[in-house]
Amino acid sequence: MIRLALRSVPLVFALAITGCANIKLDATGATPATVEKLRAANLAPAQVGSFKLAAGKDPAMDTTLSGLRGSTLAPGKGSWSQFLKDTLVAELTASGLFNPASTSIIEGQLTDSKVDAAIGTGTSRLAARFTITNGGRVVYEKEVAAEASWESSFLGAVAIPTAMNQYGALYKTLVAKLVDDPDFRRALAK
Amino acid sequence: MPCRGLEWNPRLHREKFMTRFVGALRSLLLAAVMSFLGGCAAFYVDGNAPEVPSAQYKKPASPAGVQLLWEFQTRGVANARATELLKARVSEQIVASGLFSSVSDLPDAGGALLSVTVNNVPLSDDAAGKGFIAGLTFGIAGQTVGDGYEGTLRYTPGRSGAPTLQRSGKHVIYTSLGSGSPPPGSLKMPSVAEAVTTMLRQLISRTLNDLSLEAAFP
């Protein structure tokens, strides 16, 4: 028991570095692995257009997040779809592939966003339908999803920041899966 | 005839009571440990992975500019908050290394890319058997646990077709409670934050030194 608590100290420090369980999440820097892939893919630069909640989805899905044992995690700029857009822009910018004047436009619609910090196994899922148009013609349209599951502590002090981190990391995972899609690469090929 | 499920069984009830009592006691103990941990826990970094001074690096005759990408991971998952918190320290260390003419988040005109990743993995009790501790101290005893950190540095030169160079290193932070003994030679840190930043500085310095010795660098 004591060893479990001890083991949690650096982990909690690294996961949370905050004492508050009601926090806002902002997009951060680019991901080394994704940038390396984008640089090697020989793609043409693109601009990033509208990102919004998919039609027919509960509006709350784009602005809130439940499943955190009463704690809350909110998107820093008001919506999770905007958070996804910012994540994509960060990866493209760091790869030298973001050009607001490009004729290729990447757009997205959030179709799923959830997390469950349950005792035992935590789970989260994020999905979006991405579209790429070039000169008004749709050259790519596909729903991409990312999921995660992890060992979730009975201790809220450990489980909640872990779940928040796992959920936040899904945005980078989702963009990485998009980048890995051969159809995406074909749509943006030089 | 009474139903078996409703029969009074003193031994079964005593066991149930003891189970609940022990469970409550464990929760209280854990709460106490977590509450007071900051005051009585001690933090150490492994003493066998010291910092390599930047003066010791093999400096290139004509350093190139580089784009720096940095990520802290927890069990292989990107940790945005820790990445952001430690970003400035990592950047300062790369700049001060003298191995590059300029360091930026954005793509460098010359095309060189340096990615630095540190992954925090809790060490199991058989970490030595699995080889994680190889080259580092191992001798965790009592109420002491180790947290492993795997650092990976990847450098892609700007030259077209040049292969990516990769160097890796490992480090450990120990946390002791009460009479727990840290491994011999480990260095006591004043706080967990100091332990993390010291570990990071030492780990990156060693991988940077290894990179500088590569014949293909820069």
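These questions and answers concern a predicted model with chains A and B.

Residues are numbered from 1 along each chain as its sequence is written, and chains are lettered from A in the order in which they are written. In this predicted model, local features need pLDDT of at least 70 and side-chain atom pairs count only at pLDDT 80 or more, while totals for chains, interfaces and linings use all residues.

Me: In what order do the elements of chain B run from the N terminus on?
Reply: Helices (H or I, at least four residues) and strands (E, at least two) are DSSP runs, numbered from the N terminus. Chain B has 3 helices and 8 strands. Their order is α-β-β-β-α-β-β-β-β-β-α.

Me: What pattern does chain A follow along the sequence?
Reply: Chain A has 5 helices and 6 strands. Along the sequence they give α-β-α-β-β-α-β-β-β-α-α.

Me: Are H2(A) and H4(A) roughly parallel or roughly antiparallel?
Reply: Helix H2 (residues 32-40) and helix H4 (residues 156-180), both of chain A, pack at an angle of about 20°, with axes 10 Å apart. Axes are lines fitted to C-alpha atoms, for helices over the stretch in contact, and angles run from 0 to 180 degrees between N-to-C directions. Angles under 35 degrees count as roughly parallel and over 145 as roughly antiparallel. The angle therefore makes H2(A), relative to H4(A), roughly parallel.

Me: Which residues of H4(A) make the contact with H2(A)?
Reply: Two residues are in contact if their C-beta atoms, placed from the backbone, lie within 7 Å. From H2(A) the contact takes A:Ala33, A:Thr34, A:Lys37 and A:Leu38. From H4(A) come A:Lys172, A:Val175, A:Ala176 and A:Val179.

Me: What share of the residues of chain A counts as buried?
Reply: A residue is buried if 20 or more other C-beta atoms, placed from the backbone, lie within 10 Å of its own. In chain B, with 218 residues, the buried share is 37%. For the 190 residues of chain A, the share is 43%.

Me: With which residues is B:Leu114 in contact, leaving aside neighbours within four places in sequence?
Reply: B:Leu114 is among the residues touching the most other members of the largest nonpolar core. Beyond four places in sequence, its contacts are B:Val66, B:Gln67, B:Leu68, B:Ile94 and B:Tyr155.

Terms used: Angles under 35 degrees count as roughly parallel, over 145 as roughly antiparallel, 65 to 115 as roughly perpendicular and the rest as oblique. A nonpolar core is a set of buried Ala, Val, Leu, Ile, Met, Phe, Trp, Tyr and Cys residues joined through C-beta atoms within 7 Å. A residue is buried if 20 or more other C-beta atoms lie within 10 Å of its own, exposed if 12 or fewer, and partly exposed in between; C-beta atoms are placed from the backbone.
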